[in-house]
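Hi there,

Here is the structure I promised to pass along. Have a look at it first, and then read on for what turned up.

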Amino acid sequence: MVRIRRYTTSAAIHNAVENVSKLLETHDRSSYVLAQYIPEPARPAFLATRAFNIEINKINDGGSNLGSVKSQASSAMSRQMGASISDLKFKFWSDTLHKVFAGGDAPAEPIALLLRDSLENDINLNIDHFLRFLQTRKQFLKGSTFSTTNDICAYGEGTYSQLNYEVQAALLSPSISPSVIKLLQRSMELQGLVSDIAAHIGQATAVSSMILGMQYYAQSQNRVTLPIDLMTKNDLSQEHLLRLAQGHISNTSEQEEIRSKLKNVVFETAVTANDHILSARSKLDTIKREVERITNESDEKLIRTQSKKWKGGIPDVIFTPYMVAIPTVLYLEKLQKLDFDVFAKKMQQKEWKLGYKSFRSYYSRSI
């Protein structure tokens, strides 16, 4: 299909960047900070991708609070139209994406404007990543529990990993990184490693997000997001976890007993996230060695010339997408420090290390 080029005014794009940046600063400060490390030509695509995550995660039919106005409105719409509020919102985003990628007139919505502008400026983007994200998130909203950590990882592959792949695609646009494209063409192993790390980070993000969101989902949707098999193993029932999270257990000894079991479940769940981070780090070390080997053996002038600018031997366009792992690493470190007690007061405090950690990560080429 030939894409029709419909250039948007610079003022509209500037406003879209401002609006999306403000959204991230308010609801996802980590992405707001990390956006500064993304090479400029692909930065609007990064901002749009991370903002897309926020907007889709906002979609909710009102949870299990059947008495809420939102839940009642959604139920009434489902009866009358055969579609819930969330169904209509998912359809809006699906239709918007198809219009954006087809080159048609998309809604004057900031995320849509930035994605369309990126495409018109020859930035590589793939609608399939966005659509799979939508499908996975829509399935999650149906309310099923996670039987194992592998189920959470599968959810992560369908959501966070897809966002990581999208950002990678944008940064590997010919207009941004011709030397790195030639580098990747020299090694199938390197191509596999680049994608594998994005997948590991996405799955680690999903597991840690389900720990982080455990209290929210328990309170707002009467829902458990921890692996049921680990809860069973540690003799922690869903009912007890929900009652604890919702503040319905006043007996101190009973609270302590449930929190102790919960710590064990959180620890074992967090181990899976940490394993994925360790795998990502190991493969990142392999990437460094493989890039060095190719550079030394290559007679390609473009590669040898540009490689002198690659910090730590890794191009920005390969490394910077991996920096989204930093918030997960910081969260896991805090969990460990607080003995995996998700109800500890310090777990609710804002993370202040991100600025320093991201700066150090960027220059040391480590996550």
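α18 passes α19 in a right-handed crossing. This is a predicted model, so please read everything below with that in mind. The axes of α18, residues 326-337, and α19 come within 10 Å and cross at roughly 125 degrees, and that makes α18 oblique to α19. On the α18 side, the residues that meet the partner helix are Ile 326, Pro 327, Leu 330 and Glu 333, while α19 brings Leu 354, Lys 357, Ser 358 and Ser 361. By class, this contact has 4 nonpolar, 2 polar and 2 charged residues.

Arg 365 lies in the segment after α19 (354-364), and its phi is near 55 degrees, a positive value in a residue other than glycine. Is Arg 365 buried or exposed? With a relative accessibility of 0%, Arg 365 counts as buried, because the cut-off for buried is under 20%. Asp 122 also has a positive phi, near 65 degrees, and is likewise not a glycine. Asp 122 sits in the loop between α6 (110-120) and α7 (127-140) and is partly exposed, at 46% relative accessible area.

That brings us to α6 and its packing against another helix. α3, residues 43-58, packs with α6 at an angle of about 145 degrees, the axes being 9 Å apart, and the crossing of α3 past α6 is left-handed. From α3, the contact uses Pro 44, Ala 45, Ala 48, Ala 51, Phe 52 and Glu 55; from α6, it uses Ile 111, Leu 114, Leu 115 and Ser 118. These residues divide into 8 nonpolar, 1 polar and 1 charged.

Now for the charged pairs. How many salt bridges does the structure hold? There are 17 of them. One joins Glu 254 to Arg 243, with the closest N and O atoms 3.8 Å apart. This pair links distant parts of the chain, as Glu 254 is in α15 (residues 252-297) and Arg 243 is in α14 (residues 238-245), 11 residues apart. Glu 254 is partly exposed at 24% relative accessibility, and Arg 243 is partly exposed at 27%.

Arg 293 forms a salt bridge with Glu 290, the closest N and O atoms being 2.8 Å apart, and Glu 297 forms one with Arg 293, where the closest N and O atoms are 2.8 Å apart. Arg 293 and Glu 290 are 3 residues apart in α15, about one turn of the helix. Glu 297 and Arg 293 are 4 residues apart in α15, so they are separated by about one helical turn. Glu 290 is buried at 8%, Arg 293 is partly exposed at 35%, and Glu 297 is exposed at 57%. Elsewhere, Arg 186, Asp 299 and Glu 300 are linked in a network of salt bridges.

Ser 208, in α11 (residues 188-212), is buried, with a relative accessible area of 5%. Beyond its neighbours within four places in sequence, Ser 208 is in contact with Ala 273, Thr 328, Tyr 331 and Leu 332. Leu 302, in α16 (residues 301-306), is partly exposed at 28%. Leaving out residues up to four places away in sequence, Leu 302 touches Pro 178, Ser 179 and Lys 182.

Best wishes

Terms used: Residues numbered from 1 in each chain as written. Predicted model: local features only at pLDDT ≥ 70, side-chain atom pairs only at ≥ 80, totals over all residues. Heavy atoms only, no water. Helix = DSSP H or I, 4+ residues; strand = E, 2+ residues; numbered from the N terminus. Buried < 20%, exposed > 50% of the residue type's maximum accessible area, 1.4 Å probe, protein only. Axes fitted to C-alpha atoms, helices over the stretch in contact; angles between N-to-C directions. Parallel < 35°, antiparallel > 145°, perpendicular 65-115°, else oblique. Left-handed = near helix turned anticlockwise from the far one by under 90°. Contact = heavy atoms within 4.5 Å. Nonpolar A, V, L, I, M, F, W, Y, C, P; charged D, E, K, R; others polar. Salt bridge = Lys/Arg side-chain N within 4 Å of Asp/Glu carboxyl O.
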